Amino acid sequence: MSTKQNFNDMIEKLREQRDDINVKIHLANMEVRDEWQELEQKWGQLVDKTKHLNKEVEPTVESVHAAISLLGEEIKEGYCKVKRAL
């Protein structure tokens, strides 16, 4: 599974938990509400950083993948050439 997919899965699971808690939070006491507000700020940071990470990392991952694929093909062709020479 890709890093991007791992982040997206994590975000989705957290979103489900967040939605469930948000419904119940209206019945909670003030201390829990304060904790919730702090977690909401962290949630916003996580979503923003994940979006930024996806934008920054994806081009790099694609170029690394392309380079590795090219190298793999070169090695494969080289092995075939050596094998034919034997």
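Visitor: How do the axes of helix α1 (residues 3-25) and α2 cross, and at roughly what angle?
Guide: Happy to start there; this is a predicted model, where local features need pLDDT of at least 70, side-chain atom pairs count only at pLDDT 80 or more, and totals for chains, interfaces and linings use all residues. Residues are numbered from 1 along each chain as its sequence is written, and side-chain values use heavy atoms, with hydrogens and water left out. Helices are DSSP runs of H or I with at least four residues, numbered from the N terminus, and axes are lines fitted to C-alpha atoms over the stretch in contact, with angles from 0 to 180 degrees between N-to-C directions. The axes of α1 and α2 come within 11 Å, and they cross at roughly 160°.

Visitor: Are α1 and α2 roughly parallel or antiparallel to each other?
Guide: Angles over 145 degrees count as roughly antiparallel and those under 35 as roughly parallel. The crossing is at roughly 160°, so α1 and α2 are roughly antiparallel.

Visitor: Which residue forms a salt bridge with Arg18?
Guide: A salt bridge here is a side-chain nitrogen of Lys or Arg within 4 Å of a carboxyl oxygen of Asp or Glu. The closest N and O atoms of the Arg18 pair are 3.0 Å apart, and the partner is Glu40. Arg18 lies in helix α1 and its partner in helix α2, so the pair ties together parts that are 22 residues apart in sequence, and the name you want is Glu40.

Visitor: Is Arg18 buried, partly exposed or exposed?
Guide: Buried means under 20% relative accessible area, exposed over 50%, and partly exposed in between, with a 1.4 Å probe and protein chains only. The relative accessible area of Arg18 is 24%, so Arg18 is partly exposed.

Visitor: What separates Glu38 and Lys42 in helix α2?
Guide: Their side chains meet in a salt bridge at 3.9 Å, N to O. Glu38 and Lys42 are 4 residues apart in helix α2, so what separates them is about one helical turn.

Visitor: Which residues make the nonpolar surface patch of about 330 Å²?
Guide: Patches take residues with over 30% relative accessible area and no salt bridge, joining like charges within 9 Å and nonpolar side chains (Val, Leu, Ile, Met, Phe, Trp, Tyr) within 5 Å. Accessible areas come from the Shrake-Rupley method with a 1.4 Å probe, and for residues only the protein chains shown count as cover. Ile75, one of the members, sits in helix α2 (residues 30-85) and counts as partly exposed at 39% relative accessibility. The patch is made by Leu71, Ile75 and Tyr79.

Conventions
Helices (H or I, at least four residues) and strands (E, at least two) are DSSP runs, numbered from the N terminus. Angles under 35 degrees count as roughly parallel, over 145 as roughly antiparallel, 65 to 115 as roughly perpendicular and the rest as oblique.
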